[in-house]
Amino acid sequence: MAQYSRISGSVGLITLKSLPVNALGAVVRQGIVDSLKTALQDPKVTSVVICGQNGVFCGGADIKEFGDSESGPPLIPMIHAIEAGNKPMVAAIEGFALGGGLELALGCHYRIAHSKARLGLPEVTLGLLPAAGGSQRLPRLIGVPAALDLIITGRHVTAAEALQLGIVDQVTDHHTVDAAVKFALSVAGRPLDARRISSYSCPPVSGDLDALFEEVMRKVRRGARGAIAPVACVQAVRAAATLPYARGMERERELMATLFTSGQARALQYSFFAQRAVSRWSTPSGARWDASAPKPVRKVAVIGLGTMGRGIAVALAQAGFPVVSVETQEKQLTEAKRAVSQMLERGAKRRGVAAPLDKMSYSSNIQAVADVDLVIEAVFEDMGLKKKIFQQLSAVCKPDALLCTNTSSLDVDQLASQTRNPELVVGMHFFAPAHVMKLLEVVYGPRSSPQALATAMQLGKKMGKVSVAVGNCPGFVGNRMLKAYVEQAFFLLEEGATPELVDSALEEFGFSMGFFKVSDLSGLDVGWKVRKEDGLALPGVSTGPSARIRQGRRYSPLGDLLCQRGRFGQKTGSGWYQYGKPGGRVATPDPWLHSFLEEYRAQHGLVPRRIDPQEVLERCLYALINEGFRILEDGIAAGPEDIDCIYVFGYGWPHYRGGPMFYAAMVGLPKVLERLEHYYRAHPDVPDLQPCSLLRRLVASGSPPVQKWKEAIKKLHSQL
Ligand SMILES: CC/C=C\CC(=O)SCCNC(=O)CCNC(=O)[C@H](O)C(C)(C)COP(=O)(O)OP(=O)(O)OC[C@H]1O[C@@H](n2cnc3c(N)ncnc32)[C@H](O)[C@@H]1OP(=O)(O)O
């Protein structure tokens, strides 16, 4: 709702009231329309202030209402009525003015912001554009280049930057509504024509306007990789720059209509709520986020300063934690100190703050962690080494310290069993580079206490990560699913595809890099080492029937064969592609590799066939999705939102496709099932293609929408 009152004798005060962020739902819009009418009709009122309750101006349109048929007064005429009003309207901005919230403020004649407020038009992140006049008013107010920057990126600006850009008229450190009322009293009776932004022309740009838009559009298309909203944002701003306001608004409406009904907007809005849903974690044993208080964490340690350890230490220091970093190899320690300081300085420069160098301390002695509240072990993926470290930590640390491992796939419970307090052991699986990547898998073992899980989840949140609680199994969620995808990519090469064909299909889908390019970048030797440890990559079985079978199922030794030839990817100058020189970064197709594949197929009696991009997508993505269903069935992830966040924030799944499980729901579960059945018939020696029983049961129960899977899975489990 919106509450109306009159204060200071002559100021009408409209307060938006809709917890938690005063979103502009139907009831709020109705309240504003009614309050506005009262204020404009009351002869005692000479000016009006619009504010929000609880220190928040407005978080924008109510995203929860987007799928529903529209009810209540529409936003655009409401904002026009505010702008057209004959009494000065002042927006009192505290907390946030985002999306429709900022558009509402832009309809006002003046804007006063608290110094801690943040403003922005983040609609692009929801697959939309600022379509309540924002794309037309903002460029008229602050100019085309600055408006393009804000609208295309969706970034929030501080009140200080908003003042500098000309979005707000005044910034206050005091009570914002009081300041706005005082301001409203001072402007009462002043003419308003020059304050109505819709009547402005965009300030002229220096240089050629067409050239500017062409350049921006080129950049946006390159960066968007198939996302349609950023492109529509540019088109809408171009309309503001080239058309009268009314025609610009028509263009804004047309573009919005296309976006609004697109699958991309639905996916991004799903993702918005999924990110919030994963913070409300639960485990199969009944532990829950709202019943488990985290332990206080004041000081943290990182063990091992390789690439991962350095990134984790930087992320912790940037989040304000004092960090003790332990590295026993002196040479590595010296290098790491320099690298960590550089990373902190670069990050600080980018964010315009002081580098938190004073948060870091270093040691080559594990005793240095004696007084910390939480340790993150980040040494090599070697179970023997990790076990030894956990034994040492258990002896050295405070008895109530949380011991975490950054393992990407090893058994967290085995490590817990090395300690005095296995309930205080959890996995914190970061993604490289750990100070950049948003994802954190928090892995609970069978003995991890709810409090340990809650503490790691909260630490992740403080580090700005999307933290997802997952159960303990080889590869957890992300890497377990990836295995099925990688396997299909190899099999497709055996059957006739090239790395270029597979990669271009995946890149066309929206991944920034296809699997083979990623593999060259991260180093083929990484997977080879794991396969050797798992008993898959065996020396001396390059021919005969056993060459392509391991542990009773189809196996492709192609990756192992490249590694045996020293082709580790970019670092050696060749892998699935060639790079000209070791360390080269530009992938070019490699004739040697093509001949090698031909010889390999001939040697193993494989008759190559034409493979189309659709098959690449179906085989790679549906195999991965099928494993996702198995993970849900096993209770390793609590719901599809958890898997989707993991893939969007950790594995480069295109954000505008929501994540693999959302994508499966969009494609249609019956279709995913039918294609998996088809491929499993063709490849009965590939168990990953055998449709999982949960997928079958969801299809049999009518393929509920993805938001209802959690409920459906619970019901299906209870029927077993
Ligand atoms: C014609 C179309 C015109 C306009 C289009 C739009 O306005 S689209 C909406 C544009 N606004 C946004 O994109 C803002 C989205 N919200 C946020 O970025 C953050 O929520 C915000 C406001 C910065 C607050 O962040 P904070 O970390 O403090 O809280 P949290 O994100 O957990 O949100 C709290 C709960 O509020 C719900 N919520 C937030 N914004 C909206 C919204 N616009 N509509 C509906 N609900 C919203 C959010 O889901 C949280 O609820 P929960 O039940 O906990 O999930």
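Leaving out neighbours within four places in sequence, I93 makes contact with F57, A105, R111, I112, A113, H114, A117, L119, V168 and T176 (contact means C-beta atoms, placed from the backbone, within 7 Å of each other). Keep in mind that this is a predicted model, where local features need pLDDT of at least 70, side-chain atom pairs count only at pLDDT 80 or more, and totals for chains, interfaces and linings use all residues. Residue numbers start from 1 along each chain as its sequence is written.

I93 also shows up in the largest nonpolar core, which has 215 residues: V49, V90, I93, L129, A180, V375 and V426 are the ones that touch the most other members. Helix 23 (residues 613-634) gives this core its largest share, ten residues. A nonpolar core here is a set of buried Ala, Val, Leu, Ile, Met, Phe, Trp, Tyr and Cys residues joined through C-beta atoms within 7 Å. Buried means 20 or more other C-beta atoms within 10 Å of the residue's own, exposed means 12 or fewer, and partly exposed is in between, with C-beta atoms placed from the backbone. Helices (H or I, at least four residues) and strands (E, at least two) are DSSP runs numbered from the N terminus.

Six strands form an open sheet in the order 1-2-3-4-6-9, with mixed pairing (strands pair if DSSP finds at least two bridges between them). Strand 1 (2-7) and strand 9 (170-172) sit at the edges with a single partner strand each, so one side of each has no neighbour in the sheet. On average, neighbouring strands are turned by 20 degrees against each other, direction ignored. Angles run from 0 to 180 degrees between N-to-C directions, using axes fitted to C-alpha atoms, for helices over the stretch in contact.

Inside the sheet, strand 4 (residues 89-93) pairs with strand 6 (residues 110-114) in the parallel sense over four bridges, and A92 stands opposite I112 in strand 6. Helix 1 (residues 26-41) packs on the sheet and touches strand 1, strand 2 (11-16) and strand 3 (47-52); its direction makes about 25 degrees with that of strand 1. Helix 7 (residues 176-187) lies across strand 1, strand 2, strand 3, strand 4, strand 6 and strand 9, at about 165 degrees to strand 3.

Strand 13 (residues 374-377) and strand 14 (residues 402-405) run parallel, joined by four bridges, with L374 opposite L402.

M308 belongs to helix 12 (residues 307-318) and is buried, with 23 other C-beta atoms within 10 Å. Not counting residues up to four places away in sequence, M308 touches A378, N406, F430, A432 and A434.

## Helix 25

Six of the eight residues of helix 25 (residues 660-667) are buried, so the rest of the structure largely encloses this helix. The buried ones are P660, M661, F662, Y663, A664 and A665, and their cover includes helix 11 (263-277), helix 23, helix 24 (640-650) and helix 26 (669-682). Just after helix 25, G668 takes a positive phi of about 110 degrees.

Note on methods. Contact = placed C-beta atoms within 7 Å.
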